[in-house]
Amino acid sequence: MSKSRAEAAAGAPGIILRYLQEQNRPYSAQDVFGNLQKEHGLGKAAVVKALDHLAQQGKIKEKTYGKQKIYFADQDQFDTVSDADLHSLDAKIVALTAKVQSLQQSCRHMEAELKELTNALTTPEMQKEIQELKKECAHYIERLKNIKAATNHVTPEEREKVYRKRQKYCKEWRKRKRITTELCDAILEGYPKSKKQFFEEVGIETDEDHNVTLPDP
């Protein structure tokens, strides 16, 4: 056993006795080991030995439940608490619990605010963003100025007139194409050659020959 582990084992009874008196609640040897091992470096064997030694001296109480032993501080060393004192303690617990809940809620609000501030732009980033937006705004102002200064504007009436003409001509185009297709199909029923040869002999050129597509109505 190293010197530090030996020193911890030697001081284990005093450490455990103070711990049980301060907590004043029952613990198993495993509980005591788990709660004190990290802070005081106590080994499991040293904890079990110290608990048994304290129980034999009568400094703590020991009870057995099945295969497990439970250890707790001797209650005779504590002053008797009256009902009034118990009610007072209960009231303090209620008040402290409410205070804890209030502080927890305040902490949640502050954490949410901190998260929002963390995700927000810094002052230099905001200044840079403002400069970029000003440049973009100036660009659009100049563009709008040029549009307003142009003399070749098309009025809504003129635009509507052009759209109506386009619709009229597309309708006529669609109508004539249908008539031509029906006539050609009727002729080809008694024509001895292919459709392509017929078109070449007659001199018919189709939309497809010129990669032209009839616009949607």
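Good morning. In helix H7, three residues are buried: Cys-170, Cys-184 and Leu-188. The model I am presenting is a predicted one. Part of the cover over the buried residues of H7 is provided by helix H8, residues 195–202.

Let us turn to the largest pocket, which holds about 270 Å³ of space. Its lining consists of 13 residues, and the closest to the pocket centre are Lys-177, Thr-180, Thr-181, Phe-199 and Thr-206. H7 gives the largest share of this lining, 6 residues, and both H7 and H8 supply at least two residues each. By type, the lining contains 6 charged, 4 nonpolar and 3 polar residues.

Next, I come to a region annotated in a database. An unreviewed UniProt entry places a "coiled-coil region" at residues 86–150. In the model, that stretch is 94% helix and 0% strand, with its end C-alpha atoms 90 Å apart.

Finally, please look at Gln-68, which belongs to strand S3, residues 68–73. Is Gln-68 buried or partly exposed? Its relative accessible area is 42%, so Gln-68 counts as partly exposed. Leaving aside residues up to four places away in sequence, Gln-68 touches Ser-28 and Lys-63. Ser-28 is 40 residues from Gln-68 along the chain, yet their C-alpha atoms are separated by 7.3 Å.

Thank you for your attention.

Terms used: Residues numbered from 1 in each chain as written. Predicted model: local features only at pLDDT ≥ 70, side-chain atom pairs only at ≥ 80, totals over all residues. Heavy atoms only, no water. Helix = DSSP H or I, 4+ residues; strand = E, 2+ residues; numbered from the N terminus. Buried < 20%, exposed > 50% of the residue type's maximum accessible area, 1.4 Å probe, protein only. Contact = heavy atoms within 4.5 Å. UniProt positions renumbered as here; feature names shortened; annotations may be inferred. 1 Å grid on protein atoms, 1.4 Å probe; cavity = no way out; pocket = protein on both sides within 12 Å on 5 of 7 lines; lining within 4 Å. Points joined across faces, edges and corners; volume = space filled by probe spheres on them. Nonpolar A, V, L, I, M, F, W, Y, C, P; charged D, E, K, R; others polar.
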